[in-house]
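Please keep the sequence and the 3D view at hand while reading.

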Amino acid sequence: MRITYVLLLLAAIGCEYEHVDPCETRYLENNYLEIASFLDSTDGRFTMVNGNGRVENVRVYREIGSTYVPGSTECWSYRGDQSRLVVYASQFDFGFQCYFSPSINGEILLFEQRINNGGNLEFKYLLGADSLLENHYQTYSNGKPIYVYPNELSVEIIDTLTTSMRPFYGVKIYKNSIKGIPMIPNRSVASLVIDDKFGVIQFTTKSEEIWDVIYE
Amino acid sequence: MNNLLLTMLAFCGMFHGCESGHEIYIEPECNTLIINTFTHNNSMLTNRHFSLKNDTFELQSSYGEIYNYSSVSQSSESVLEECTETFAHESFSYKTHTDDLAPKISAGLWFRFSDTIAEPVLSLIVGSFLSYTSVNGMSAINDNSAYPTNNKVSFHSSLSVMDTTYNEVYLIEKNDYLEKEIRGIVYSVKQGILGFYRSEEIYWKVL
């Protein structure tokens, strides 16, 4: 009885006991976890070459981490492994990243490019269902956020794509319709080619510079 | 009686165990006495980087690509230490912005202090090339503890580089450059950065 009083008293003054979650945890599958698995976070210095033959240093690395997805409609907690692939060229202060992240509805590709004038280009694509979830460019004007929504993001499978590295087969190209939008800077990524083994193998900027990433 | 004791203990715990304590630091009042103010030589302030004017320019690569830049030039004055007899000194910063996928460019003019001796320093960043130059005598500073470098600076009354002949310029070069890094910067005291190169064939010129 005394213990009960103490418990009630402690609860009343806000010092709660350790929270016990009544929901179990389900693990979400991740079919894209092996993308770029030959990379690690410390050994990712490669080159990229543009259509004029100019070769530049680029750093490509990936990180793996767990992510929790709260279940809102049923009493389950979800957990899955998320991989993050980063492409960065320090001499240009240019970079972007792709997350392959599990969700209750399937795996999501989240593309993010932060651009040095404060802009942020981002799209979310539900990989298994081939469905676009989000696509926008955000910037600021007089301290207020401004959003621009490109009309279309198309995804196609290319049977054979030969880059400066080698031929690739059955790769996916994500093409974002940003070309006609003046607010979006030229250095924004307009298309992205992803191979299931290597990850990002080619990208094209809005100004139509094509860069091949060479993993050698 | 025991219940009363437990209640008292719980309330004591509430006030002592659950509290996160913060000590309040009160800044002592002080007066800063400026005994000298260091300013930069006017000859350095005529070029585009330190003229305090916003600017736009184009950069052309040896591949024929043309990139557009805009820039902001700012100055500030700061003191070496607060609450003591000290020195004020002015700094200039020059930052560029490009929407294109082109090398980043920035510059700075500031002072480094050794005891009471103030040495004006020019810093240039182009791509991954970082350089510090002593404005007195225009020689390379390579002993910056946070960012050590290995550069050299030479003056040329006439310099043929990047398919162009430049007059009255300084060449700031890396001694230990790596492949695909910027190796040299052509700098004019009057005009600022005129161009930079990686090799004889690969370069970028300010138009």
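In which loop of chain A does Asp130(A) lie? Asp130(A) is found in the loop between E7 and E8 of chain A, where strands (E, at least two residues) and helices (H or I, at least four) are DSSP runs numbered from the N terminus. The model is predicted: local features need pLDDT of at least 70, side-chain atom pairs count only at pLDDT 80 or more, and totals for chains, interfaces and linings use all residues. Residues are numbered from 1 along each chain as its sequence is written, chains are lettered from A and ligands numbered from 1 in the order in which they are written, and side-chain values use heavy atoms, with hydrogens and water left out.

**The two chains**

- Chain A contains one helix and 14 strands, while chain B contains one helix and 13 strands.
- Along its sequence, chain B follows the pattern α-β-β-β-β-β-β-β-β-β-β-β-β-β.
- Chain A has 216 residues, of which 48% count as buried; buried means under 20% relative accessible area, exposed means over 50%, and partly exposed lies in between (1.4 Å probe, protein chains only).
- Of the 207 residues of chain B, 43% are buried.
- The accessible surface of chain A is about 11500 Å², with 49% belonging to carbon and sulfur atoms; such areas come from the Shrake-Rupley method with a 1.4 Å probe, and for residues only the protein chains shown count as cover.
- Among contacts (heavy atoms within 4.5 Å) in chain A between residues at least 6 apart in sequence, 42% join residues at least 24 apart.
- The corresponding share in chain B is 44%.

**Strand E7 of chain A and its partners**

- Seven of the eight residues of strand E7 (residues 119-126) of chain A are buried, so this strand is largely enclosed by the rest of the structure.
- Strand E6 (residues 108-115) of chain A pairs with E7(A) in the antiparallel sense over eight bridges; two strands pair if DSSP finds at least two bridges between them.
- Phe111(A) stands opposite Phe123(A) in E7(A).
- The hairpin of E6(A) and E7(A) has three residues between the strands, and Gly118(A) in the turn has a positive phi of about 95°.
- E7(A) also runs antiparallel to strand E8 (residues 131-141) of chain A, to which seven bridges join it.
- Leu126(A) stands opposite Ser131(A) in E8(A).
- Four residues lie between the strands in the hairpin of E7(A) and E8(A).

- Most residues other than glycine have a negative phi.
- Asp130(A) has a positive phi, near 45°, and counts as partly exposed at 48% relative accessibility.
- Met162(B) is not a glycine either, and its phi is positive at about 55°.
- Met162(B) occupies the loop between strand E9 (151-161) and strand E10 (164-174) of chain B, and is buried, with a relative accessible area of 4%.

**Nonpolar cores**

- The largest nonpolar core has 49 residues, and those with the most contacts inside it are Leu192(A) and Phe203(A); a nonpolar core is a set of buried Ala, Val, Leu, Ile, Met, Phe, Trp, Tyr and Cys residues joined through side-chain atoms within 4.5 Å.
- Strand E12 (residues 189-195) of chain A gives the largest share of this core, five residues.
- Not counting residues up to four places away in sequence, Phe203(A) touches residues including Phe94(A), Phe96(A), Trp211(A) and Leu101(B).
- Another core, of 30 residues, lies apart from it and includes Phe92(B), Leu124(B), Tyr170(B) and Phe196(B).

**A loop residue of chain B**

- Val189(B) sits in the loop between strand E11 (184-188) and strand E12 (192-197) of chain B, and counts as partly exposed at 22% relative accessibility.
- Not counting residues up to four places away in sequence, Val189(B) touches Ser43(B), Met44(B), Thr46(B), Asn47(B) and Tyr170(B).
- Val189(B) and Gly137(B) are 52 residues apart in sequence and 12 Å apart in space, C-alpha to C-alpha.
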